[in-house]
Amino acid sequence: DAVVSAFADCGYDYELVFVDDGSRDATLFNLKKLYDGAKVPMKIISFSRNFGKEAGLYAGLEHAAGDYIALLDYDDLLTPDALYEAAAAIRQSSPEILYSDEDKCDETAQHFFEPNRKPDFNEEYFLSNNYICHLLIMKRELFLALQLRSKYDGAQDYDLLLRAPKSYIAHIPKVL
């Protein structure tokens, strides 16, 4: 709820697209509850079974109309200001790729224990270590041109970024 509320104030056109990839818990119920009271444009795509990350991502892309996409996994947690900060960085420099610092937390999302303060983009360092990971935001047209390659499942983000142009990459030096 806090992310959705903060997003409404970001000053940027946006939409939220959620893909429920066959979850068996309260995910779909919670998404519909959020959708019913949402003050932001939202779409929910629901699969009856799990088709995998790549299929879920492309299903979301088919329904998304925005210029940028944020690649998030089921276990990612955003700070309330994450999308606001991303929109501010986009307004400032229109990068092709954005990434932020990150942290790890326990299952309750109450205890944070491994902050990862990342450097600004450094191609040599990146070739030896995929330090970008999450939060990763990319221009939609660039993502569609590159495509995920299923033979790199588990390292698909790294493969995608290795093939991406190395110009216009913005680092948001905040844990988002």
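1. Ground rules. This is a predicted model, where local features need pLDDT of at least 70 and side-chain atom pairs count only at pLDDT 80 or more, while totals for chains, interfaces and linings use all residues. Residues are numbered from 1 along each chain as its sequence is written, and side-chain values use heavy atoms, with hydrogens and water left out.

2. The overall layout. The protein has seven helices and six strands. Both kinds of element are DSSP runs numbered from the N terminus (helices are H or I with at least four residues, strands are E with at least two). Going along the sequence, the pattern reads α-β-α-β-α-β-α-β-α-β-α-α-β.

3. Size and packing. The C-alpha trace spans about 45 × 35 × 35 Å along its principal axes. A compact globule of 176 residues would have a radius of gyration near 16 Å, and the protein agrees, with 16 Å. That radius is taken over C-alpha atoms, and the globule rule is 2.2 Å times the number of residues to the power 0.38. Of the 176 residues, 38% are buried. Here buried means under 20% relative accessible area, exposed means over 50%, and partly exposed is in between (1.4 Å probe, protein chains only). Take the contacts between residues at least 6 apart in sequence: 69% of them join residues at least 24 apart. A contact means heavy atoms within 4.5 Å.

4. Helix 3. What do the buried residues of helix 3 pack against? The helix covers residues 53–63, and its buried residues are Gly56, Leu57, Tyr58, Ala59, Gly60 and Leu61. They pack against strand 1 (16–21), strand 2 (42–47), strand 3 (68–71) and helix 6 (140–146).

5. Gln156. This residue sits in helix 7 and counts as buried because its relative accessibility is 11%. Leaving aside neighbours within four places in sequence, Gln156 is in contact with Lys53 and Leu148. Lys53 is 103 residues away along the chain, yet the C-alpha atoms of Gln156 and Lys53 are separated by 9.9 Å.

6. The second largest pocket. About 720 Å³ of space lies in this pocket. On a 1 Å grid over the protein atoms alone, a pocket is an open set of points with protein on both sides within 12 Å along at least five of seven lines; a cavity is a set where a 1.4 Å probe fits but cannot get out; and lining residues have an atom within 4 Å of a point. Grid points are joined across faces, edges and corners, and the volume is the space filled by probe spheres set on the points. The second largest pocket is lined by 29 residues, with Asp75, Asp76, Leu77, Glu102 and Asp103 nearest its centre. Helix 7 (residues 156–163) gives the most to this lining, with three residues. By class, the lining has 14 nonpolar, six polar and nine charged residues. For those classes, Ala, Val, Leu, Ile, Met, Phe, Trp, Tyr, Cys and Pro count as nonpolar, Asp, Glu, Lys and Arg as charged, and the others, Gly among them, as polar.

7. The cavity. How many cavities of 30 Å³ or more does the rule give? The count comes to one. The largest cavity has a volume of about 30 Å³. Its lining consists of Ile97, Phe121, Phe126, Ile132, Leu161, Ala164, Pro165, Lys166 and Ile169, which divide into eight nonpolar, no polar and one charged.

8. Cysteines. A search of the whole structure finds zero disulfides, a disulfide being a pair of cysteine sulfur atoms within 2.5 Å. For Cys105, the nearest cysteine sulfur is that of Cys133, 16 Å away. Likewise, Cys133 is in no disulfide, and the nearest cysteine sulfur is that of Cys105. Cys105 counts as partly exposed because its relative accessibility is 28%, and Cys133 counts as partly exposed at 23%.

9. Backbone spots to look at. The peptide bond from His134 to Leu135 is cis, with omega near -15°. Leu135 is in the loop between helix 5 (123–128) and strand 5 (136–139). Ser94 is a residue other than glycine with a positive phi, near 45°; this residue is in the loop between helix 4 (82–93) and strand 4 (97–101) and is partly exposed at 41% relative accessibility. Tyr168 also has a positive phi, near 60°. Tyr168 lies in the loop between helix 7 and strand 6 (169–175) and counts as exposed at 58% relative accessibility.
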